[in-house]
Amino acid sequence: MEGLVISDAVKDLIINIIDIIILFVIVRALAYKPVKKFLDARKERIAKELSDAAALKSEAEEKAQEYGRLEEESRAKSSEMLSEAERNARKAADEIIAAAKQNAAQIGEKAREEAIKEHDAQIASVKEDITGLAFDISKQVLAREVTDEDNRRIADAFFEKYSAAE
Amino acid sequence: MKKVVITAASNMSEETYRRICDGFSQKIGQAEFVRVTDDGIIGGFIAEIDGEIYDMSIASQLDRMQREITGNGGVGNAGNTN
Amino acid sequence: MVKTKTLTIIEFALSAVIFVLGLIGCCALHSYVKHHGETKKLKKRSKLLLALTIIAAWFFIGTAVTSVWHGESGLKVEFEMFSDRVELFGFSFAQTSVLMWVITGIVLVLCLIFRLFIFPRFDPDKPKGFQNIMELAVEATENFTKGTVGDYSGTLAPYMFSLAVFMIICAASELLGFRPPTSDLIVTLAMGLMTFALINYYGIRKKGIGGRIKSLAKPTPVIFPMKILSDVAVPVSLACRLFGNMIGGMIVMELLKSVLGGYAAGIPAVAGLYFNLFHPLIQTYIFVILSLTFINEAIE
């Protein structure tokens, strides 16, 4: 082999090793590390986003639960209030109904009385009309039939009473 | 002298009228008698002596009867409420 | 092969004619296709014509070169095991060493360009193009190293990465005609020694000096000398493997060129695609895998 000198070879070896090391440092610092940091940052970001999303989800679930509870509570309370209001309303309604019934009864009574009164009045009126008619007829008949003798008798009767009264 | 007004129907004769007047004269003495004819009283007579009225007319008796039957005055009924 | 002048001239003329005819035919076919569209038969025929023309061209150039420039063909190839030396600053360096430093310089420049110009434009969410390649490469190396070694992949991954970059650029330089640094035994020996250093470094770090030596004594102390031998053989084998493969490729290329003589138009290029590109890449992969495996073995 021509040209191989041990010292040269060793020198070359050392130079090469140094070269490799320098190469390594350059590539790692300028190319590898930045990209790796980049990728790690992205992974972290994704993980954080996922954990954030998970936290958000759990928070949302918690909130939903709480809302559910509140809703239950409010529903219970509202139904309670509702029943009380209902009771009150019912009581008032009953009272009103009783009063109305009483009122109606009174009115009915009054109406009945009025009706009776009216009925009586009508009967009386009819009776009056009938009797009036009867008496008119009687008067007309009597006007025809009454004689002077009747007059005389009346006069005599009067004077008898008259003189008895004194 | 007292004034007496006798109201009678036309079916009363003069005789009966004289009888009435005499009857009154016996009771109250001298009086002036006036006769009013009213057929509306139908029969009998109404005598008014110085404001005092003695009603022996048939019409009045009938009215009295009518009033008794109907229980109330014919006049003054409240109108029918129909 | 002895040629008479007449034969040469006939060869020359014939090849020229065929080549020119083929060229004209190709152009005609091309315009025909443009006007009338292609059919299967037409495609086959056009491909045939193209192949014929290329062969004719090659032959023509070959004859021309041989006859005009007297390109020699022979079956004897000369090469030096160690590359030529170059005089610089009063010291003699190997040509390959110089090339290696040149490569380092190129890498430095490229990395600077990457760091200062390309990297800031990296899109954090949607990688594309060159960014994608870089990301893939780095991630592949990471996973690879982690898979094989596991614990100390923090520094090892970048080292293997830089080694791979180096070897790829060496392959590229071979394409350009230079004698690549990887075909110099001293260079490959340097790489092998680095791996050896790494093996022992991590072995000692993990187990302590005593532990490292003890592991050589497993399972039985009898095999202690054999273990030492095999440990020494590791870097030597790595170096020689790489060196042999690279220089073998170089020899084959040289042989091809010299055999074809003047006709070496185009064929070495096609062959070079394999020997100067694919083959070195395989060797890179093997070198990296073996290094990592041995380091892993030392750590276990």
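**A helix pair and the chain contacts**

Guide: Helix 3 of chain C passes helix 5 of chain C in a right-handed crossing (left-handed if the near helix is turned anticlockwise from the far one by less than a right angle, right-handed if clockwise). Helices here are DSSP runs of H or I, at least four residues, numbered from the N terminus. The model is predicted: local features need pLDDT of at least 70, side-chain atom pairs count only at pLDDT 80 or more, and totals for chains, interfaces and linings use all residues. Residues are numbered from 1 along each chain as its sequence is written, with chains lettered from A and ligands numbered from 1 in the order in which they are written.

The axes of helix 3 (residues 95-118) and helix 5 (residues 153-175) of chain C come within 11 Å and cross at roughly 115°; axes are lines fitted to C-alpha atoms, for helices over the stretch in contact, with angles from 0 to 180 degrees between N-to-C directions. Helix 3 of chain C brings Leu99(C), Ile103(C), Ile106(C) and Val107(C) to the contact, and helix 5 of chain C brings residues including Phe166(C) and Ser173(C). Contact means C-beta atoms, placed from the backbone, within 7 Å. By class, this helix contact has eight nonpolar, one polar and no charged residues (nonpolar: Ala, Val, Leu, Ile, Met, Phe, Trp, Tyr, Cys and Pro; charged: Asp, Glu, Lys and Arg; polar: the others, Gly among them).

Now to the chains. Chain A gives 27 residues and chain C 35 residues to their contact, and the chain A side has 19 nonpolar, two polar and six charged residues.

Definitions and conventions: Two residues are in contact if their C-beta atoms, placed from the backbone, lie within 7 Å. Helices (H or I, at least four residues) and strands (E, at least two) are DSSP runs, numbered from the N terminus.
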